[in-house]
Amino acid sequence: MDKKYVYLFQEGKASMRDLLGGKGANLAEMTQIGLPVPPGFTITTEACNEYYSNGEIFPEGIWEQVWPALAEVEAASGKLFGDKKNPLLVSVRSGAKFSMPGMMDTVLNLGLNDDTVEALAANTQNERFAWDCYRRFIQMFGDVVLEVEHYNFEQILESAKEKQGVRYDSELSAESLKWMVIEYKKKIERKTGKPFPMDPRAQLMEAVLAVFRSWNNDRANVYRKINGIPHEIGTAVNVQSMVFGNMGSDSGTGVAFTRNPSTGESALYGEYLMNAQGEDVVAGIRTPNPIATLAQENQEIYQQFVDFSKRLEAHYRDMQDIEFTIERGKLYMLQTRNGKRTASAAIRVAVELFHEGVITKEEAIMRIEPDQLEHLLHRRMDTDAKLQVLAKGLPASPGAASGRIVLSAEEAERLGNLGEKVILVRTETTPDDIRGILAAQGILTSRGGMTSHAAVVSRHMGKPAVCGCDALKIDYTQGLVVIEGVEYPHGTIMSIDGATGRVIKGEVSMVDPELSEGFKEFLGWADEISRLRVMANADSPTEASNARDFGAVGIGLTRTEHMFMDPERIPIVQDMILAQTLEDREDALAKLLPMQEEDFYGILKAMQGFPVTIRLLDPPLHEFLPHSEELVVDITKLRMSKADPGSLHEKESLLRNVRALSELNPMLGHRGCRLGVSFPEITVMQARAIFQASARLLKEGYDIHPEVMIPLIMGKEEFIMMRKLVDDTAAEVMSEQNVQIHYKVGTMIEVPRAALLADEIGKVADFFSFGTNDLTQMTMGLSRDDAQGKFLPIYLDKKLMKTDPFVVLDRDGVGKLIGIGVNLGRSTNPKLGLGICGEHGGEPNSVEFCHIVGLDYVSCSPFRVPIARLAAAQAAVINKDQSK
């Protein structure tokens with residue numbers, strides 16, 4: 001039997017989205033449930049895919065199926081295609097499985113020619129209407145199908161308006177429209193060398209070809225890439241009888257939602273116009289009326305539409321976006337689809353549909369895209385604001401901010417303390433900029449990727465950031481920023497949108513997040529359904545409190561090196577690093593001990609009742625030291641001035657030490673547990689600070705659960721050595737304070753060798769936390785900051801990689817190592833705790849992988865905790881494992 005390429009609407013159903021596309025499946029479903037849908041048929045996505053696999057040739061036998069289907073449409077409509085007395089006109093529209101609004105091509109009023117336009121005029125008794133339809137059809141067909149550029153028709157349109165002395169298209173007379181039709185056809189023949197096709201069947205064949213062709217146009221390809229839509233699914237083509245809302249006062253057209261798409265309120269929401277075409281509603285030429293006023297204009301039609309809307313929402317069990325037309329007093333339903341809505345509306349609709357008994361909790365959870373929650377958790381730009389976009393970078397951290405641009409962290413801190421709103425603009429940030437980042441409303445950098453320092457820290461703090469904005473040229477000497485040749489001095493007000501990467505001139509009005517009771521209830525369902533626990537990465541009591549407010553059930557990563565970046569501590573840390581004797585180092589550590597104890601006291605107290613995982617010191621040492629280039633400049637100036645021999649000697653000595661400690665590849669150098677191996681006194685100081693803080697809290701009656709994480713181990717030998725230091729210190733403190741502290745000691749698996757030896761390490765560790773940032777770098781041989789800014793985009797564009805591995809966990813490579821680590825670790829220690837704490841812990845696809853591979857928890861920045869909670873629940877639903 002020959003393959004079926006064509007389905008009448010009455011032959012399809014909603015479940016056939018893969019074959020009929022979203023639009024075709026919905027038209028078929030509405031037809032099946034008895035709603036008044038203009039008759040039509042769908043040419044399948046398979047036909048499109050075969051068209052491309054055949055070298056852009058129509059599949060054999062397709063037209064032998066189209067013409068009988070068209071005959072069925074003629075019979076249903078009571079009109080004949082190409083007839084000179086009662087012509088059938090059709091629309092030809094694309095319709096992929098996933099909605100791609102405006103990306104592919106559409107042709108309306110197809111079937112008009114010099115004869116059928118006269119019949120249309122006679123039948124409607126509206127000559128102007130008929131000729132306006134004809135000129136629109138020729139213009140659309142000429143542009144979309146014959147590829148005559150749009151401006152050619154616009155020039156003729158402007159000439160017609162000028163000749164008649166009118167301003168709007170709608171004011172053109174029938175005579176002007178007839179002149180335009182003649183001129184349009186002349187232009188097409190000059191541009192293509194062929195006359196405009198008068199045969200309606202030839203028009204249809206060419207229009208279908210154009211829709212297939214548009215699947216592969218640039219804008220469609222870019223849209224699919226941005227939205228993660230597969231290129232190989234193809235588009236269907238829907239051929240449908242035209243109905244007209246501009247045939248008089250008993251005709252009209254409109255768009256409506258079954259619930260308010262902004263708020264989620266359960267009330268019909270939409271607009272309509274009588275005696276109008278669909279484009280009039282959206283073009284703003286005439287002001288539409290609220291849908292409720294249709295009740296006064298035509299109570300019968302209004303009530304019919306209300307009934308149809310209720311039927312559609314009940315049938316699809318979701319809020320619907322409906323297009324309709326009234327033609328001579330008869331209501332037609334042209335389209336329905338699940339309505340696009342704001343994140344707050346989406347949650348309200350899901351919660352209310354559950355309480356109405358329409359959907360289950362599991363279905364409610366699946367109705368929301370996790371990343372939608374970003375919009376609820378950060379300030380965002382007012383959607384009505386008019387924006388002057390200056391440049392675009394990477395959307396590194398969501399939210400929006402306005403402020404005066406400052407080019408140094410010190411200035412950001414100074415102005416921030418004075419109550420000024422500032423945007424910190426840097427080539428890239430370093431840990432030294434932490435106070436400036438804290439004081440700024442947002443961060444903008446010209447370099448760096450989605451996991452650069454600026455990106456990671458901003459997300460962690462819940463601040464908006466735009467990174468890697470190449471158009472940004474920063475002149476620190478002159479104190480200004482240059483974009484596209486225009487200078488913006490220090491102090492100029494700018495805005496950034498961390499959700500889109502846009503850099504905007506001036507101040508933009510913002511909308512504050514509002515977390516409703518429905519939102520909290522919704523996430524409560526997510527926690528009931530999910531197996532994974534969601535913890536947070538937090539380095540301060542404030543961050544820990546934020547994480548708790550967002551529903552985190554513990555801290556999966558506290559990075560102690562961030563605590564050492566405080567400018568007041570940097571000199572002491574430098575003394576510790578540069579110490580030439582054990583005695584000097586211990587003097588510096590003695591000064592740091594009480595500071596660290598207060599750090600841990602605050603975080604443990606904020607998260608009482610939940611575990612807090614504290615990672616021991618893990619940065620390359622060079623991050624704490626002055627840059628050698630800066631020291632060379634200072635030394636040169638001192639030598640030339642000969643004014644301060646003491647300072648010169650001190651700087652020269654410091655430079656020698658800095659150079660002695662410098663490494664060719666510091667990320668693979670003297671960091672992590674290697675510091676503890678070389679300088680065990682550092683590990684002891686941090687362990688003592690943890691346990692002294694814990695002892696104080698226990699005596700004060702707090703329920704605390706400290707967990708110590710040993711970073712960057714390669715095998716069990718290092719871990720055993722480090723654990724002994726921690727355990728011995730814990731025993732000393734418990735003896736001194738006469739308390740019993742229940743604690744765990746585990747490790748971060750971020751070196752491939754550690755994953756491969758996880759069975760050995762599992763025997764001696766209480767938990768593993770996979771550090772996916774470094775594990776990705778080491779497994780794939782990529783430097784994340786360099787790769788994202790240089791060649792990774794090329795790899796993604798050439799489809800050598802499906803996704804950025806620093807954004808979405810690489811399941812095939814890095815994921816396989818994690819799976820090995822999980823299985824080996826649990827083979828020797830069934831009670832081994834397992835989680836991840838890299839940036840992937842808040843990315844939905846990566847969270848799903850963590851569920852599949854059997855981890856106990858994910859840890860992410862506080863502002864991504866709700867996203868991870870929802871993603872964890874969806875992973876449980878998708879993978880049919882809702883056991884706790």
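Reader: Why is Glu 147 counted as exposed?

Author: A residue is called buried under 20% relative accessible area, exposed over 50%, and partly exposed in between, judged with a 1.4 Å probe and with protein chains only. Glu 147 has a relative accessibility of 56% and therefore counts as exposed. This is a predicted model, in which local features need pLDDT of at least 70 and side-chain atom pairs count only at pLDDT 80 or more, while totals for chains, interfaces and linings use all residues. Residues are numbered from 1 along each chain as its sequence is written, and side-chain values use heavy atoms, with hydrogens and water left out.

Reader: Where does Glu 147 lie, and what is noted about its phi?

Author: Glu 147 sits in the loop between α5 (127-144) and α6 (150-164), where helices (H or I, at least four residues) and strands (E, at least two) are DSSP runs numbered from the N terminus. Its phi is near 60°, which is a positive value in a residue other than glycine.

Reader: Why is Arg 317 placed in its accessibility class, and what makes Asp 318 buried?

Author: Both residues belong to the loop between α12 (299-316) and β11 (320-327), as is stated for Arg 317 and for Asp 318. Arg 317 has a relative accessibility of 29% and therefore counts as partly exposed, whereas Asp 318, at 5%, counts as buried. Arg 317 also has a positive phi of about 60° although it is not a glycine.

Reader: Which residues is Asp 318 in contact with, leaving aside its neighbours within four places in sequence?

Author: Contact means heavy atoms within 4.5 Å. On that basis, and with neighbours within four places in sequence left aside, Asp 318 touches Glu 313, Asn 338, Arg 341, Val 349, Leu 353 and Arg 367.

Reader: What accessibility class does Glu 46 have, and why?

Author: The relative accessible area of Glu 46 is 33%, and therefore this residue is partly exposed. Glu 46 lies in helix α2 (residues 45-53), and apart from its neighbours within four places in sequence it is in contact with Lys 3 and Leu 19.

Reader: What makes Phe 791, Ile 794, Tyr 795 and Leu 800 a patch?

Author: Patches are made of residues with over 30% relative accessible area and no salt bridge, like charges being joined within 9 Å and nonpolar side chains (Val, Leu, Ile, Met, Phe, Trp, Tyr) within 5 Å. A salt bridge, in turn, is a side-chain nitrogen of Lys or Arg within 4 Å of a carboxyl oxygen of Asp or Glu. Phe 791, Ile 794, Tyr 795 and Leu 800 form a nonpolar patch on the surface, with about 380 Å² of accessible area together, such areas coming from the Shrake-Rupley method with a 1.4 Å probe, where for residues only the protein chains shown count as cover. Phe 791, one of these residues, is in the loop between α32 (784-789) and α33 (792-797), and its relative accessibility of 36% is why it counts as partly exposed.

Reader: How do you know which strands are at the edges of the sheet that contains β14 and β15?

Author: Two strands pair if DSSP finds at least two bridges between them. Eight strands form this open sheet, in the order β14-β24-β23-β16-β17-β18-β19-β15 and with mixed pairing. The edge strands are β14 (389-392) and β15 (394-397), each of which pairs on one side only. Between β14 and strand β24 (residues 502-505) there are three bridges in the antiparallel sense, and Val 389 has Ile 504 in β24 as its bridge partner.

Reader: Which helix packs on the sheet, and what is its direction relative to β17?

Author: Helix α16 (residues 409-417) packs on the sheet and touches β16 (400-406) and β17 (422-426), its direction making about 175° with that of β17. Axes here are lines fitted to C-alpha atoms, for helices over the stretch in contact, and angles run from 0 to 180 degrees between N-to-C directions.

Reader: What makes β20 and β22 the edge strands of their sheet?

Author: The open sheet of three strands has the order β20-β21-β22, with antiparallel pairing. Both β20 (472-475) and β22 (486-489) pair on one side only. Strand β21 (residues 480-483) is joined to β22 by four bridges, and the bridge partner of Val 481 in β22 is Tyr 488.

Reader: How many residues does the protein have, and what share of them is buried?

Author: Of the 884 residues in the protein, 55% are buried, and its secondary structure comes to 36 helices and 33 strands.
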